[in-house]
Protein chains: 2
Amino acid sequence: MSDRDAVVEREREVWEKLRGLTSAGDGQGLQTLLESLEASETVRAIFRLGADDQRNLVSLLSPGPAADLLEDLPEAHAVDLIERQEIGHAADIVEAFSSDQGADLLSEMDSDDAEAILGEMIPEIAGEVRELISYSTDVAGGLMEIEHYAYPKAATASDFLGDLRQRRKERAELPQRLLLIDVRGRPVGAVEIADILLADDDTRLSSLSRPVSSVLATASLDELDDYFDRHETLGAPVVDDNGRLVGRVRRRALYDAIADRDQDDYLKLQGIVGGEELRAMPVLTRSRRRLSWLSINIVLNIIAASVIAFFQDTVSAVIALAVFLPIVSDMSGCSGNQAVAVSMRELTLGIVQPRDALRVWWQEVSVGLLNGLALGLLLSIATFLWQGNPLLGAVVGLALALNTIIAVSIGGTVPLLLKRWHADPAVASGPVLTTITDMCGFFLVLGLATLALPWLI
Amino acid sequence: MSDRDAVVEREREVWEKLRGLTSAGDGQGLQTLLESLEASETVRAIFRLGADDQRNLVSLLSPGPAADLLEDLPEAHAVDLIERQEIGHAADIVEAFSSDQGADLLSEMDSDDAEAILGEMIPEIAGEVRELISYSTDVAGGLMEIEHYAYPKAATASDFLGDLRQRRKERAELPQRLLLIDVRGRPVGAVEIADILLADDDTRLSSLSRPVSSVLATASLDELDDYFDRHETLGAPVVDDNGRLVGRVRRRALYDAIADRDQDDYLKLQGIVGGEELRAMPVLTRSRRRLSWLSINIVLNIIAASVIAFFQDTVSAVIALAVFLPIVSDMSGCSGNQAVAVSMRELTLGIVQPRDALRVWWQEVSVGLLNGLALGLLLSIATFLWQGNPLLGAVVGLALALNTIIAVSIGGTVPLLLKRWHADPAVASGPVLTTITDMCGFFLVLGLATLALPWLI
């Protein structure tokens with residue numbers, strides 16, 4: 001049996017076992033099996049189960065293992081599975097997540113479902129989660145969890161040790177460092193656990209304290225990234241406007257949020273808007289979401305192509321022009337998209353900002369000039385070889401060269417301008433670029449051909 | 001002064017100060033200024049300096065601050081700046097990076113430059129770096145650093161404390177946990193610092209030991225991600241084929257590598273191949289790299305458009321068809337790209353694998369059918385309103401509907417098939433999709449029009 005067959009065979013086995021245990025209602029067996037699987041195996045096996053089997057499987061698991069499983073699935077899918085659980089079980093599962101993850105899940109739900117689940121949760125946890133939901137998911141407040149190790153600045157090493165013993169019994173995660181707070185709850189320092197190790201029990205923690213910097217609950221993902229770049233720590237303390245400690249953002253939560261944002265940008269650039277699409281979603285949902293984007297594009301496309309209609313006489317005089325219109329449109333799109341990609345990348349890196357549009361435009365023009373010349377020359381030669389008419393070659397080559405310059409100018413600057421106007425560059429750059437470069441391209445090919453018409457026929 | 005003006009003003013000030021201190025040769029002043037800046041401010045200010053000023057600035061900094069600065073810049077740019085330093089200074093700077101980062105930088109350089117720098121480095125560090133360079137950058141070995149806290153399993157808590165005191169004097173980073181190794185150097189357990197805190201000095205570390213899992217030096221990024229998903233720790237121990245501890249991968253190094261890979265995929269999909277492009281690079285380099293991709297595309301485009309040439313008689317009989325060719329080509333590209341995006345996303349999530357191509361195709365056809373009907377109907381109506389000919393509307397609408405189904409079929413499956421054939425889906429999906437859907441689209445519009453020709457004129 002080849003390696004690939006063995007993998008396929010193993011996947012089939014896992015899937016059959018999951019299905020068998022689910023039909024048999026064997027929650028314990030499911031938990032044991034799931035614990036033995038890699039995250040990637042789990043995800044694939046779950047997605048192969050029918051929707052009802054998936055729901056039943058989750059209903060058979062205890063809250064902890066159910067949360068572990070759902071954490072491995074794409075968020076939209078995890079939310080769907082929780083919403084379809086019996087309400088008490090759904091609340092227990094949400095409680096089993098850390099407070100930030102619970103808040104993320106609930107904020108993705110219908111507000112009625114979320115309210116119902118919150119109503120079933122332990123009031124204290126529900127209160128924390130409610131507070132977290134109030135933050136947007138792209139700021140520190142939206143990523144933070146409430147849980148943290150913080151002590152009054154008068155505490156001694158042995159106070160901490162006592163607390164640590166207690167927490168260890170409760171199997172809480174062990175800290176890497178702890179925070180000292182003043183009477184108003186503001187962080188005043190951090191103590192590395194390794195430093196406590198080298199100190200006596202009656203040492204005041206404040207004597208081991210190192211300066212600590214916090215992030216505001218309103219800090220952006222980029223600000224958090226800067227923070228973790230400067231501090232080699234698993235968590236960033238989060239403070240409110242009054243400087244009071246309100247939570248902690250884990251490094252992992254930040255990286256997940258950044259990866260989601262980048263992925264979201266990528267999907268939007270490719271025309272998947274209105275949220276992530278997984279093929280396990282209902283066909284109508286997938287179709288409707290994709291269509292919302294396509295229908296705007298077809299209108300823009302018809303508008304752009306209407307330029308051609310104004311030049312019908314020229315096209316009918318030189319039918320070969322019909323061949324070049326899609327070439328110029330496609331190639332300008334390619335050149336423009338390259339410029340969009342570099343601008344999006346430089347925006348992410350923070351190298352350019354909206355106000356740099358003029359400089360970016362100039363840097364694009366220089367590349368557009370070279371590439372336009374090269375592509376135009378190539379198309380001229382191909383045209384001459386095909387039609388034997390050097391002037392027709394010159395016309396389409398010149399049109400492509402000029403339109404390449406236009407395309408990179410628009411592609412390079414539009415993401416910056418959209419950002420300045422507070423529009424989303426990932427969603428709008430593509431359609432704006434295509435529409436304008438298509439119109440210009442058709443106008444250039446057909447306009448130049450009209451001027452040269454007497455010599456073309 | 002508005003907020004934006006204030007920011008612009010501050011940026012100009014920073015830039016002028018940097019330039020002033022650089023011309024004055026004031027290394028200490030530069031270090032103080034750079035320490036006071038956010039990473040994003042630094043990056044923008046550096047990119048505004050001329051190439052010579054940038055080189056001089058780095059030459060004025062001590063190795064440590066120089067490494068801190070270069071770490072904030074995109075890698076390609078950092079490498080360039082190091083290569084342009086005097087050789088001894090370049091070696092000192094590389095030494096100031098952690099071993100994995102140093103290896104990354106050197107592996108991006110011309111091999112002559114890298115050898116020269118290695119020759120100037122402390123032989124021990126150079127040896128470590130050489131070993132790291134031998135690993136590919138997308139496996140654990142390529143991301144790991146040599147530095148780690150590991151002790152023989154017979155060691156006691158006080159052995160560790162002695163070592164910790166020593167290392168703290170050397171300002172080494174404090175550990176969160178330490179590893180126990182057997183006589184052959186294989187990791188046999190991990191001890192949490194917090195557990196040592198609760199133990200006596202003469203406690204054997206092995207009595208506090210918890211099971212530890214390691215990753216192989218050949219582990220992929222996805223395997224590392226699974227590891228960090230399961231273990232809340234800053235570093236993963238890396239072992240060689242014999243199970244011996246050889247290094248440690250930091251969580252941050254993994255996330256950076258994943259972000260780079262995703263970003264690279266995105267850039268490749270948009271036609272930026274052969275490495276990252278920054279607009280600070282020389283125009284000729286940028287032009288050449290972009291052109292390498294464009295020139296393949298223009299050939300594919302000409303081949304696709306040549307389908308139109310076979311139907312010149314039909315086009316000349318119904319000139320309006322020239323308007324619809326670019327519309328069908330663009331819209332099919334849009335639909336196909338959506339399917340590519342979902343497949344790339346599901347590949348990343350591990351939900352689909354190359355062998356699922358048939359299932360994916362079927363899930364795309366169902367969406368393609370609905371969206372094809374909707375788009376086709378829209379185009380039919382627009383055509384009818386413009387030309388007053390219902391049959392022409394039916395022809396172009398039907399062509400677009402059919403081609404939408406073809407486009408999503410190809411867009412959904414091509415990334416999987418390319419992956420099966422060990423080609424890079426990010427680079428090749430776009431051109432393959434565009435070429436095939438263009439050919440099919442032109443053939444459908446013009447073929448159907450030819451069949452209906454007697455009733456169209």
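# Close-up views of a two-chain model

**Figure 1. Where chain A and chain B touch.** The contact takes in 90 residues of chain B and 90 residues of chain A. Keep in mind as you look that this is a predicted model. Which helix gives the largest share of chain B's side of the contact? Helix 18 of chain B (residues 321-349) does, with 18 residues. Sorted by class, the side of chain B that touches chain A has 50 nonpolar, 20 polar and 20 charged residues.

**Figure 2. The largest nonpolar core and a separate one.** The largest nonpolar core holds 146 residues. A:Val94, A:Ala140, B:Val94 and B:Ala140 are the residues with the most contacts inside this core. Pick out B:Ala140 and look around: leaving aside residues up to four places away in sequence, B:Ala140 touches B:Val215, B:Leu216, B:Ala217, B:Ala219, B:Leu224, B:Val238 and B:Val249. Another core, of 108 residues, lies apart from the largest one, and its members include B:Val307, B:Ile327, B:Ala399 and B:Ile405. Here is some background for this view: in soluble globular proteins, nonpolar side chains tend to be buried together.

Figure 3. Helix 5 of chain A covers residues 63-72. Which of its residues are buried? They are A:Pro65, A:Ala66, A:Ala67, A:Leu69, A:Leu70 and A:Asp72. The packing partners of these buried residues, within chain A, are helix 2 (27-35), helix 3 (39-48), helix 4 (51-60), helix 6 (75-83) and helix 7 (87-96).

**Figure 4. Helix 20 and helix 21 of chain B.** Helix 20 (residues 390-420) and helix 21 (residues 425-451) of chain B pack with their axes 9 Å apart, at an angle of about 160 degrees. Angles over 145 degrees count as roughly antiparallel, so that is the description for helix 20 and helix 21 of chain B. Their crossing is right-handed. The contact between helix 20 and helix 21 of chain B has 21 nonpolar, five polar and one charged residues.

**Figure 5. Helix 16 and helix 21 of chain A.** In chain A, the axes of helix 16 (residues 283-309) and helix 21 (residues 425-451) come within 8 Å and cross at roughly 15 degrees. That angle makes helix 16 of chain A roughly parallel to helix 21 of chain A. The two helices of chain A make a right-handed crossing. From helix 16 of chain A, the contact uses A:Ile296, A:Asn297, A:Leu300, A:Ile303, A:Ala304, A:Val307 and A:Ile308. Helix 21 of chain A supplies A:Pro431, A:Thr435, A:Asp438, A:Met439, A:Phe442, A:Phe443 and A:Leu446. The residues of this contact comprise eleven nonpolar, two polar and one charged.

Figure 6. Most residues other than glycine have a negative phi. What is the phi of A:His422? A:His422 is not a glycine, yet its phi is positive, about 60 degrees. A:His422 sits in the loop between helix 20 and helix 21 of chain A. Is A:His422 buried or exposed? A:His422 counts as exposed because it has 7 C-beta neighbours inside 10 Å. Turning to chain B, B:His422 has a positive phi of about 60 degrees and belongs to the loop between helix 20 and helix 21 of chain B. B:His422 has 7 C-beta neighbours inside 10 Å, so B:His422 counts as exposed.

Conventions
Residues are numbered from 1 along each chain as its sequence is written. Chains are lettered from A and ligands numbered from 1 in the order in which they are written. This is a predicted model: local features need pLDDT of at least 70, side-chain atom pairs count only at pLDDT 80 or more; totals for chains, interfaces and linings use all residues. A nonpolar core is a set of buried Ala, Val, Leu, Ile, Met, Phe, Trp, Tyr and Cys residues joined through C-beta atoms within 7 Å. A residue is buried if 20 or more other C-beta atoms lie within 10 Å of its own, exposed if 12 or fewer, and partly exposed in between; C-beta atoms are placed from the backbone. Two residues are in contact if their C-beta atoms, placed from the backbone, lie within 7 Å. Helices (H or I, at least four residues) and strands (E, at least two) are DSSP runs, numbered from the N terminus. Axes are lines fitted to C-alpha atoms, for helices over the stretch in contact, and angles run from 0 to 180 degrees between N-to-C directions. Angles under 35 degrees count as roughly parallel, over 145 as roughly antiparallel, 65 to 115 as roughly perpendicular and the rest as oblique. A crossing is left-handed if the near helix is turned anticlockwise from the far one by less than a right angle, and right-handed if clockwise. Ala, Val, Leu, Ile, Met, Phe, Trp, Tyr, Cys and Pro count as nonpolar, Asp, Glu, Lys and Arg as charged, and the others, Gly among them, as polar.
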